[in-house]
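Subject: Structure for you to look at

Hello,

Below is the structure I said I would pass on. Please open it first, then read the notes that follow.

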Amino acid sequence: MEAPANLPILDRSHLSAMTGGDTDLAVEVIEIFRQQADVWGRLLSAREPHETWADAAHSLKGAALGIGAIKLAKVCTRAETLGRSGTASPAEAAVALDDVRACLGTTLEAAAVAAHELAGSTGFSASNASNS
């Protein structure tokens, strides 16, 4: 079950608000998100215990909210809730975690674009060009 399509992949106005409009800090926060995604993304496997991938989804959700990746946060919330229930079948877990990994990949692409654009700019634009 995917997140609603109208949610932004990366809400740059949220990122700007979280970083006080400081583009250098925004780039740093995106890099921290990318590192967190690498660490926690490895644990998004239905072969792991429910608690493990639920914790990974929870951690990714927090990191996603820090950069304005609202769609990823919603998908992570669903996976976390499923994992915390302890009743997910292997197939249910696989579907939920596939959704997280797919959204994570899209978010990482948008974050890389945003970091590149912010690093070469003098500030945030009014555009949310990373929205889809």
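In which helix does Val29 lie? Val29 lies in helix H2. Before going further, note that this is a predicted model, so every value here is computed from predicted atoms.

Not counting residues up to four places away in sequence, Val29 touches Leu15, Thr19, Gly66 and Ile67.

The overall picture

The protein has five helices and zero strands. Read along the sequence, the pattern is α-α-α-α-α. Of its 132 residues, 40% count as buried. If you take the contacts between residues at least 6 apart in sequence, 76% of them join residues at least 24 apart.

How the helices pack

Two packed helices are described by the angle between their axes and the distance between the axes.

H3 and H4. Helix H3 covers residues 50-67 and helix H4 covers residues 70-85. Their axes are 8 Å apart, and the packing angle is about 160°. Angles over 145 degrees count as roughly antiparallel, and H3 and H4 are therefore roughly antiparallel to each other. The crossing of H3 past H4 is left-handed. By class, this contact has 12 nonpolar, four polar and five charged residues. On the H3 side, the residues that meet H4 include Trp53, Ala57, Leu60 and Ala64. On the H4 side, those that meet H3 include Ile70, Ala73, Cys76 and Glu80.

H4 and H5. These helices also have a packing angle of about 160°, with axes 9 Å apart. That angle makes H4 roughly antiparallel to H5. Their crossing is left-handed. From H4, the contact is made by Lys71, Leu72, Val75, Cys76, Ala79 and Leu82. From H5, the residues in the contact include Ala93, Leu97, Val100 and Leu104. The residues of this contact divide into 11 nonpolar, one polar and three charged.

H3 and H5. The axes of H3 and H5 come within 12 Å and cross at roughly 25°. That makes H3 roughly parallel to H5. H3 passes H5 in a left-handed crossing. Trp53, Leu60 and Ile67 in H3 meet Ala93, Leu97, Val100, Leu104 and Thr107 in H5. By class, the contact has seven nonpolar residues, one polar residue and no charged residues.

A closer look at H4

How many residues does H4 have? H4 has 16 residues. From its first C-alpha to its last, H4 reaches 23 Å, which is close to the 22 Å expected at 1.5 Å a residue. Its buried residues are Ile70, Lys71, Leu72, Ala73, Val75, Cys76, Ala79, Glu80 and Gly83. Note that Lys71 and Glu80 are on that list. The buried residues of H4 pack against helix H2 (23-41), H3 and helix H5 (90-119). An α-helix has 3.6 residues a turn, so residues three or four places apart point the same way. After H4 comes Gly86, which has a positive phi, near 70°.

Is Ala46 buried or partly exposed? Ala46 lies in the loop between H2 and H3, and at 32% relative accessibility it counts as partly exposed. Apart from residues up to four places away in sequence, Ala46 touches Trp53, Pro90, Ala93, Ala94 and Leu97. Ala46 is also 8.7 Å from Glu92, C-alpha to C-alpha, although the two are 46 residues apart in sequence.

Ala93 is found in helix H5. At 2% relative accessibility, Ala93 counts as buried. Leaving out residues up to four places away in sequence, Ala93 touches Ala46, Trp53, Leu82 and Ala88. The C-alpha atoms of Ala93 and Ser45 are separated by 8.1 Å, and these residues are 48 apart along the chain.

Regards

Terms used: Residues numbered from 1 in each chain as written. Predicted model: local features only at pLDDT ≥ 70, side-chain atom pairs only at ≥ 80, totals over all residues. Heavy atoms only, no water. Axes fitted to C-alpha atoms, helices over the stretch in contact; angles between N-to-C directions. Helix = DSSP H or I, 4+ residues; strand = E, 2+ residues; numbered from the N terminus. Parallel < 35°, antiparallel > 145°, perpendicular 65-115°, else oblique. Left-handed = near helix turned anticlockwise from the far one by under 90°. Contact = heavy atoms within 4.5 Å. Nonpolar A, V, L, I, M, F, W, Y, C, P; charged D, E, K, R; others polar. Expected span 1.5 Å × (residues − 1). Buried < 20%, exposed > 50% of the residue type's maximum accessible area, 1.4 Å probe, protein only.
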